[in-house]
Every structure is written in C-alpha cells, then in structure tokens.
Amino acid sequence: MAITQFVVNGLLVGALFAAVAVGFALIWGVVDIINLAHGEMVMLGGYTAYWLLSIATGTAEGSVLLFLATIPVVVAVLFVVGYALQRTLVSRVIGTDIFLTLLVTFGISIAIQQLAIQAWTANPRSIQVAFADPSLTAAGLVIPKMKLVAFVGAIILTAILYLFLQRTRTGRAIRAVSQNPEAAALVGIDVAHTRAITFGISSAVAGGAGAFIATILNIEPQMGLIYTLKSFVIVVFGGVGSIPGALTGGLLLGTVEELTAGLVSSRWTLAVSFTLLIVLLVVKPKGLFGTEANE
Amino acid sequence: MSTESDDGLLRSVVPPAWVDQLFARCQTHGWTLILISAVVGALPPVFGLREGYVMTVLSEMFLFAILALSWDIVGGQTGYPSFGNMAFFGIGAYTTAILVKDAAIAFPIAILGAAIAVLIFAAINGLIVLRLRGHYFAIATLGILLAVQQVTRNLAIAGGASGKILFDVPPGVVFYYFFLVVLVVEIAVIYYLTQTRFGFILNAIRDDEGKATAMGFNTTYYKTAAWMLAALFTGLAGSAYGLFNTFIDPQTAYNGAWNVELIAMALMGGTGTVAGPVIGAFGLHTVIEYVETAFVGWQLVLLGAAVIVTVIGFPKGVVGTIREYANEMDYYERGGMAAADSEEPEVTTDE
C-alpha cells in the first residue's frame, strides 16, 4: 500500500518535472542549445508567482483561484525573459563551439541565481494555498489537493505547448526551424525571431511549472541547476524534441525519486537522479523514444 | 579580433612582427622562463612575507592556476571540456581530511593517499564519460560532480552536510610552497608534453578524433592518460586545500561555481596554451578577490557576467587573441594561403 502511495506522489510531482523538461527539450531540438539556465526560469517563475501573491494579499498565501490567476502573468513575464535572453546573449553563440554555448548559458545561470540571492536572500520560500480540506482520500490513498492542482496544471501547460506546436502557424515555423534552418529561412521564416520565440515559450512553460512548484515544494535562488539536470535526465530518457517522451520521462523520474525517498531516505533522491543521468547517458544516449517522435 | 587588426595606430606602435618574435623567444627560452618564474614565486616568503592576507591570496592564485591548467589539459588540449573537474578536487580534499583526522596519518602521506584515491576515481570515471562527446560529455561530468557531492553529503565519515573541521594544520607558508611547487611541476610537465608526440596526439584528438583514430592512434589511451593527469594535479590541489582552509564541506569541496571559475580562467587566458590558463587564473582571481572584499556577495554575479562577456567577446582569450595579432605577418611572409589557414572561420550568427 505504501508503495502505491509513493508511486502516486511520484506521478503527481513528475508531471511538474515533465513540464520543465519539455521546454528544455524544445530549445535543444530547435535552437540546438543545452540551456543550462533553464532551471533559473523555473526559479524566476516561482518567485514571480510568490511576489504577485504577496502584493495581492500581503502574505504569500491565498485561495486556489487567486493563485491560478497569477499563472498567466508568470507565463507572460517569463516569455519576455526567455525571448530577451535569446535575442541579446544566446543568439551570439549559435553555430559556434558547443562548449561555448554551454558556457554562456552557465554564465547566465550563475548571474541570474546570484542576482536572485542579492535581491531575495538565499532563504527557501513557498506559497501557501489555503484549502478548507487539504487532502482527498480515495481507496486508502491520500492525495493533497494542491498536488492534484499542480499535476493538472502541469499537464495543461504541456498540452497547450503541444497543441501550439502542432496547430498554430508559429508552431509550424518552430518545427520547420528545428528540421532545417536554411530551408526555413528560404521559405520566408524569420529564423532568429522564431528561435527567440522558442526560447520564450520554453521559459514561459518552465516558469508556469515553477509557480506550481512553489506551492508544493520550496523555491530558493539556487534550485535552478537541479531542475536543469533533472530536465536533462528526462530528455535523454525520452529523446530530444519529443514531448510525449518528456512526459513519460518526467512521470518516471518523479516516481523513482519518490520511491527512493519513501523506501530509502529523502537524502538519497538527488544522488539517485544524477546516477540515473550518467547511466542513461552511457547506455542509451539517443533516448528510448529516438528521434522519430521529433515534434 | 577584427577591431584590433583594423587599428592602424596599434599596429604602428606595436608591429605584429615584434609580437611574433616575442612568441618565438618565449618558445625557445621556455624552460628558462619557467625557472625564472619559479624562483620569483619562491622569493616572497624569503623576504619575510610569511603569513597574512597577501600570502593567502597568492596561495589561492597558485591554487586556481593549478586547477585552470589541469582543466586545460583535457578541455583545451584534448577538446573534452569538463564541467566536473571539481569532483577530483573534492575527493582529494575529503580523502586527505579523513586520513589526517580519522586515521591520524601525517599530512604528506595523506596527500599521497589522496592522490591514489583520485587516480582510481579518475580511471573509473574516465572509462564512463570519455566515451561521450559534446553536450553529453559536458553534462555527464557535471552529473558526476553533483552525484559525488550528494554521496559525500550522506556519508557519516565525511561529516555529512556540515563538513569537517581540521585542527593542527601546518602554517600557511607550507601551503604557499606546496601550491607553488605543484604549479611549477605541472607547467613543466605540460610544457614538455606540448613538444612531444603525446601532446600532438592530444591536439589531433581535439581537432578531429575520427581522423586521429584512423591514423592508428589508440585515442582512448591518450584521452584517459590526459584525464588522469588532470585529475592528479586537481586532486593534489584539493588535498592540500582542505588543510589550507582548515574546513571542508560538500558545498566548498565540490564547488560548482569554482568549476565555472576555473573554466573561465582557462578561457580568458587562452585555452590550449601553457601560459593562458595561468595568466587567466592570476588575472581573474585578483579581480574576484577584489570584488569579494569591496562588494561582498557580488563576486559570483561578476563571474557570471565575465563568463558571458568572454565567451561572446573574445573566446580565444588573451594569449589566443595576441597570437592572432602576431600571425598577421603570415600574410606577408607566406602569402595569402598561410594567413587564410591560420584564420578562424567567421563566427556565424543568425542575427
């Protein structure tokens, strides 16, 4: 019974990891950059929601509806941040050495993280969402309502991203740039703009996920790198550019982490995640879903 | 960079030919230069500077030069940019700390033990990560760094998250000389290697690993050898650092920010050169040390900004940029083709 509970907890958290990872996978697939500052977008999203709620209520507490009302703002803010980062900094290293692209995003990551410490201190914070009855009980399983809301929110964010890429004109442009930038430019797509849009929406989805993370876990300025690496684990597992792959990977990683925390100790969850990363890289560097599922 | 080569004034004051000659001189008198630097480095304590702030800062500069140069053996010379070199540092630091504190082993022998531990770790680690390239290699090394950090945090003998405090450590001057000697030995070893077949094969692996393999070189052997050499020096630096600092915890011993710092140093000085990483380490550490005292807490913001500016602005670093300037003479001496060969391809951006 306990194991079922751990699995359920894992799936609930895993959807958030997946929502973070899809953006990471999208940038990797379309712009061909490993964005080591992706975790910082999660962090900034969490803080944006936190401060919006603090301004609205005076404390970082509020009802579900009030919290959900901050999400569109968070998404918009992080879109602008991502778009600007790509346009001003990252675009300058596209097409150079892979190492330089990694280093520039690492530099961005450190700068954002440290500025956040200066601005908001290094203390962990969290958003308290008030419920009359905080958990549901079904078939012996305890499901906190906020985790359920976060789960649904993460799935919706991922689904919107998927539909956006599949159904809209901009989404098709993004997929075209991912497949062949030169050909995309030839048919009249503004490649630089499309890449920046990609960065923007990836950051926006990560930021939205960050807001949900702030309600069920903690946020702190130095949380970013862990989320970046988790995204990497998930993407390597699911295959670069595959949204269904990333979703599966995220749910699985969440489950593995919760099982480790429940059966061994929560101190070992990160060690297990990072070891999983190394094992995956060595055993299955192309991902389980390969590149056929490329979006 | 084009801004400098277009600058007529600079060229008339310091002709590229002079700079080229300077490089040639440095090349022919390399061993003398290393010897002079070593003697100059050894002097301050002789003239009474035996403790205090300046002493500590100088020791740290040597320490970072060791780290940056070690990174460059694999990252710059062999083309495998690692984001996890601090794993060697941390393992060196922790092995020494445990041997000295829990097993009561004398400091010099403990360092020897740490070196062996680091080499064993590097051999296993290298077998795994050196099979990967590009993004995968970089992230795998970063993953190993964080995994080792997490494991250390959970080990009782390593003191857990609160770390280990070390008492009865040797005086600062011992570490000054230790770091200096390790640095000089490392510079000498790398300088020697760059003139041997071994060094050329490392560069061949960096430039085109497939061709290097096709030429019949066992690239795995050379990569692993370079990797273990880098690990040895990084581990030695780490093993002394624990005692030098009198305290280590998982956060400082496996410091991810330092890992970026030492890459930045190598990059700013000029990767793939002997002098570059050392120049970069001395320069950047001086600046960071100044910012750390003048604007407490802002040094890492500066580091992030410095990394971005270096990568975008002059990725060849100080030595690389100056050498490019010097090579302008190639155009006149050997004709257009030679100059075209030495020129890097234009950086393509989509903006």
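View 1. Ala104(B) has 8 other C-beta atoms within 10 Å, so it is exposed. By this count, taken with C-beta atoms placed from the backbone, a residue is buried if 20 or more other C-beta atoms lie within 10 Å of its own, exposed if 12 or fewer, and partly exposed in between. The structure is a predicted model, in which local features need pLDDT of at least 70, side-chain atom pairs count only at pLDDT 80 or more, and totals for chains, interfaces and linings use all residues. Residues are numbered from 1 along each chain as its sequence is written, while chains are lettered from A and ligands numbered from 1 in the order in which they are written. Ala104(B) lies in the loop between helix 6 (86-101) and helix 7 (107-129) of chain B. Helices (H or I, at least four residues) and strands (E, at least two) are DSSP runs, numbered from the N terminus. Although Ala104(B) is not a glycine, its phi is positive, at about 55 degrees.

**View 2. Thr246(B), between a helix and a strand.** Thr246(B) sits in the loop between helix 12 (219-245) and strand 2 (247-248) of chain B. Its phi is near 60 degrees, a positive value in a residue other than glycine. Is Thr246(B) buried or exposed? Thr246(B) has 12 C-beta neighbours inside 10 Å and therefore counts as exposed.

**View 3. Helix 5 and helix 14 of chain B.** Two packed helices are described by the angle between their axes and the distance between the axes. For helix 5 (residues 53-77) and helix 14 of chain B, the angle is about 75 degrees and the axes are 8 Å apart. Axes are lines fitted to C-alpha atoms, for helices over the stretch in contact, and angles run from 0 to 180 degrees between N-to-C directions. That angle makes helix 5 of chain B roughly perpendicular to helix 14 of chain B; angles under 35 degrees count as roughly parallel, over 145 as roughly antiparallel, 65 to 115 as roughly perpendicular and the rest as oblique. Helix 5 of chain B takes part through residues including Phe64(B), Leu67(B) and Trp71(B), and helix 14 of chain B through Leu262(B), Ile263(B), Met265(B) and Ala266(B). Two residues are in contact if their C-beta atoms, placed from the backbone, lie within 7 Å. This contact has eight nonpolar, two polar and one charged residues. Ala, Val, Leu, Ile, Met, Phe, Trp, Tyr, Cys and Pro count as nonpolar, Asp, Glu, Lys and Arg as charged, and the others, Gly among them, as polar.

**View 4. Helix 15 and helix 16 of chain B.** The axes of helix 15 (residues 275-294) and helix 16 of chain B cross at roughly 145 degrees and come within 9 Å. Among the residues in this contact are Leu284(B) and Ile288(B) from helix 15 of chain B, and Leu302(B) and Leu303(B) from helix 16 of chain B. By class, six are nonpolar, one is polar and one is charged.

View 5. Pro315(B) lies between helix 16 and helix 17 (317-326) of chain B. It has 23 other C-beta atoms within 10 Å and is therefore buried. Which residues does Pro315(B) contact, leaving aside its neighbours within four places in sequence? They are Leu100(A), Leu267(B) and Thr310(B). Gly269(B) is 46 residues from Pro315(B) in sequence and 9.5 Å from it in space, C-alpha to C-alpha.

**View 6. The contact between chain A and chain B.** Chain A gives 38 residues to the contact and chain B gives 37. On the side of chain B that touches chain A, helix 8 (134-153), helix 14 (256-269) and helix 16 (299-313) of chain B each give two or more residues. The largest share of that side is 12 residues, from helix 8 of chain B. The residues of the side of chain B divide into 24 nonpolar, 10 polar and three charged.

**View 7. The largest nonpolar core.** A nonpolar core is a set of buried Ala, Val, Leu, Ile, Met, Phe, Trp, Tyr and Cys residues joined through C-beta atoms within 7 Å. The largest one has 206 residues, and those touching the most other members are Leu16(A), Ala18(A), Ala209(A), Ile66(B), Phe179(B) and Ala237(B). Helix 1 (residues 2-31) of chain A gives the most to this core, with 17 residues. Not counting residues up to four places away in sequence, Phe179(B) touches Ser59(B), Phe62(B), Leu63(B), Ile66(B), Ala237(B) and Ala240(B).
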